[in-house]
Every structure is written in structure tokens, then in C-alpha cells.
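Visitor: Could you walk me through this structure, one feature after another? I would like to learn how to read each kind of value.

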Amino acid sequence: GDCRYDNDLFTKDEALVGLGGGEGQRLDVMHLDTTYCDPKYSFPPQRIIIDAVLSLVKRESFNSRTLFLFGTYQLGKEKL
């Protein structure tokens with residue numbers, strides 16, 4: 001699966017609530033896929049990208065002939 005770290009990861013994701021070191025369960029080990037663990041891959045937070053895409057769509061949505069195509073694999077298809 002795909003997991004993008006977010007500051008709200010342990011407070012908003014129902015499957016992970018309680019694992020962030022608060023009361024209840026605690027996360028002791030996390031295994032990371034470090035495919036992009038290289039400084040040359042510096043991606044903005046996903047929320048910023050989603051907000052930018054929404055802004056662009058809203059600016060162009062007046063034209064009924066506009067077709068929007070998205071590479072959701074690159075954007076993070078789990079949120080779109």
C-alpha cells in the first residue's frame with residue numbers, strides 16, 4: 001500500500017488512532033519503504049498539491065468544454 005506521512009496521521013486515521021504514543025496502544029516499530037529517501041526527491045505535502053489542483057480546476061471550470069485529466073498515481077490516488 002501507499003502511506004504518506006502527515007502530521008495528522010495518528011489523530012485522523014481511524015486505523016492508527018491510539019498508536020501515536022498517547023493513551024492505549026503504542027507504535028513500537030514502523031517499517032518504511034524508502035524508495036524516495038533521497039534529498040533529490042523533495043515533495044510538498046499532499047494537502048498543498050490537492051489544494052493547488054482544486055484551485056486550478058475552479059479557475060477553469062467556467063468553460064464547459066474544458067476536460068480535466070489527472071495522473072492520479074503521481075498525485076496520490078488514495079485521496080482523490
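Guide: Happy to. Let us begin with pLDDT, the predictor's confidence in each residue, from 0 to 100. Over the protein, the average is 74, and 68% of the residues score at least 70.

Visitor: What should I keep in mind about the numbering and the model?

Guide: Residues are numbered from 1 along each chain as its sequence is written, and side-chain values use heavy atoms, with hydrogens and water left out. This is a predicted model, where local features need pLDDT of at least 70, side-chain atom pairs count only at pLDDT 80 or more, and totals for chains, interfaces and linings use all residues.

Visitor: How many helices and strands does the protein have?

Guide: Helices (H or I, at least four residues) and strands (E, at least two) are DSSP runs, numbered from the N terminus. Here there are 3 helices and 0 strands, giving the pattern α-α-α along the sequence.

Visitor: Which residues form a salt bridge?

Guide: A salt bridge is a side-chain nitrogen of Lys or Arg within 4 Å of a carboxyl oxygen of Asp or Glu. The structure holds 1: Arg47 pairs with Asp51, their closest N and O atoms being 3.0 Å apart. The two are 4 residues apart in helix α2, so about one helical turn separates them.
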